[in-house]
There are 2 protein chains.
Amino acid sequence: MTTQLDATTPRAGAGREKVVAAALELFAERGVSGTSLQMIADRLGVTKAAVYYHFKAKRDIVLAVVRPALAEIATIAEDAERERSQAVRTEVLLVGIVDLLIRHRRLYGIIESDLAVGEILATDPILASLGERLAAVLIGPDPDPGQIVAANMFLAGLKSAGASAAAGLTDDELRTHILDCGRRLLRRRRQPSGRTATP
Amino acid sequence: MTTQLDATTPRAGAGREKVVAAALELFAERGVSGTSLQMIADRLGVTKAAVYYHFKAKRDIVLAVVRPALAEIATIAEDAERERSQAVRTEVLLVGIVDLLIRHRRLYGIIESDLAVGEILATDPILASLGERLAAVLIGPDPDPGQIVAANMFLAGLKSAGASAAAGLTDDELRTHILDCGRRLLRRRRQPSGRTATP
DNA sequence: GTCTATAAGACGATAGAC
DNA sequence: GTCTATCGTCTTATAGAC
């Protein structure tokens with residue numbers, strides 16, 4: 001084992017990762033605003049100052065918790081963007097996001113359920129535009145308002161669908177049901193104004 | 001004008017209602033946890049102590065802001081429960097909730113986007129069970145897991161669908177699109193295991 | 001009904017010893 | 001890498017004058 005740097009996290013260490021793990025649990029339980037550095041320190045059995053050795057601000061802990069999953073979403077969006085048909089782009093992104101949600105169930109709720117997180121994410125220019133970019137790939141170039149509403153409902157609903165309904169479901173069952181919801185919401189409908197295809 | 005009590009708020013007064021109005025604005029802008037009593041007082045041009053004359057705790061302000069709309073939802077749920085067919089119950093509740101969302105756009109986001117609100121609402125036994133009760137009426141007596149996931153996605157997605165997509169839409173257009181989403185998600189599908197009807 | 005003043009404590013963050 | 005100790009600020013909430 002060398003001390004070479006990891007690609008995603010500068011100076012990754014055991015202590016640093018313990019902080020991230022404890023923060024993830026607490027953020028999921030009580031929200032980011034509802035979690036103090038004292039609580040993170042208590043869960044690890046250390047003091048606040050020890051936590052500050054690994055991260056110089058709370059904001060950096062939030063980013064460290066959230067960034068890996070968001071980077072994964074960005075990769076999935078790139079994969080989807082390479083597809084030539086919009087129907088396939090939608091399907092690739094849909095399956096990719098749902099799969100990611102299943103693998104990181106708790107994380108999705110953290111991002112979606114705290115206004116403070118949005119402000120922190122807005123700091124990072126790549127992360128800031130991710131939400132809009134997802135919606136854009138999900139529904140294609142010139143969407144009608146109905147599609148925008150549907151895409152937003154799906155992306156926001158992912159959180160709760162994964163959380164409160166997860167009671168007795170296996171990962172595979174949950175994935176199937178959420179995918180079904182996504183397809184229902186995002187399937188292209190006939191244009192209300194008449195034309196169904198362009199030459 | 002007499003000084004008789006209002007049914008919903010004990011000792012309703014102009015000052016009290018100003019506090020509620022200012023709190024509603026701030027909660028919508030910055031979340032409940034992100035709003036201090038100082039901010040509410042500043043917006044009204046008074047001191048914190050003046051706010052404390054009307055409400056003895058922040059918790060009570062949150063309840064005063066949220067309770068009227070939740071009471072309305074409860075009434076709609078009762079109306080829906082009186083219908084004999086499940087399809088009609090779903091439709092009545094669906095239309096009622098969406099209509100309420102349109103009328104109180106900001107409020108829905110407040111309830112959904114702050115874990116602290118959930119804890120406060122859990123204090124009030126009637127309000128606490130409202131979410132589960134809504135899902136129950138929305139999908140009927142013995143729902144399959146897919147319906148539960150769909151109902152949760154719809155109820156959670158309402159918030160974001162109303163907020164970020166509302167850019168250039170009139171209330172009526174937004175209502176139409178959200179209703180369309182709700183019907184797509186909640187329409188009963190064939191049972192995957194075979195039987196489509198019971199004798 | 002609104003004010004000043006203040007209590008009592010949590011918060012994020014820092015300095016410096018070990 | 002973790003500690004003690006602390007700074008300065010913010011928080012909810014109260015007491016008592018006007």
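How are α6(A) and α10(A) oriented to each other? I'll start there, after a word on the model.

This is a predicted model, in which local features need pLDDT of at least 70 and side-chain atom pairs count only at pLDDT 80 or more, while totals for chains, interfaces and linings use all residues. Residues are numbered from 1 along each chain as its sequence is written, chains are lettered from A and ligands numbered from 1 in the order in which they are written, and side-chain values use heavy atoms, with hydrogens and water left out.

Helices here are DSSP runs of H or I with at least four residues, and strands are runs of E with at least two, numbered from the N terminus. The axes of helix α6 (residues 105-112) of chain A and α10(A) come within 9 Å and cross at roughly 130°. Axes are lines fitted to C-alpha atoms, for helices over the stretch in contact, and angles run from 0 to 180 degrees between N-to-C directions. So α6(A) and α10(A) are oblique to each other. On that scale, under 35 degrees is roughly parallel, over 145 roughly antiparallel, 65 to 115 roughly perpendicular, and the rest oblique. The crossing of α6(A) past α10(A) is left-handed, meaning that the near helix is turned anticlockwise from the far one by less than a right angle; clockwise would be right-handed.

Which residues make this contact? From α6(A) there are R105(A), Y108(A), G109(A) and E112(A), and from α10(A) there are L155(A), A156(A), L158(A), K159(A) and G162(A). Contact means heavy atoms within 4.5 Å. By class, that gives 4 nonpolar, 2 polar and 3 charged residues. Nonpolar covers Ala, Val, Leu, Ile, Met, Phe, Trp, Tyr, Cys and Pro; charged covers Asp, Glu, Lys and Arg; the others, Gly among them, are polar.

Next, another partner of α10(A). Helix α5 (residues 86-103) of chain A packs with helix α10 (residues 145-163) of chain A at about 20°, their axes 11 Å apart. These two helices are therefore roughly parallel, and α5(A) passes α10(A) in a right-handed crossing. L94(A), I97(A), V98(A) and L101(A) of α5(A) touch F154(A), L155(A) and L158(A) of α10(A). The classes are 7 nonpolar, no polar and no charged.

Over in chain B, helix α10 (residues 145-163) and helix α11 (residues 171-186) have axes that come within 10 Å and cross at roughly 165°. That makes α10(B) roughly antiparallel to α11(B). Their contact divides into 10 nonpolar, 2 polar and no charged residues.

Now the interface. In contact are 34 residues of chain A and 34 residues of chain B. The two chains bury about 2,600 Å² between them, 67% of it on carbon and sulfur atoms. Buried area is the accessible area (1.4 Å probe) that two parts lose on being put together, summed over both. In chain A, V149(A), M153(A) and R184(A) lose the most area to chain B, together 26% of what that side buries.

Last, salt bridges: a side-chain nitrogen of Lys or Arg within 4 Å of a carboxyl oxygen of Asp or Glu. One pair is E25(A) with R43(A), the closest N and O atoms being 2.8 Å apart.
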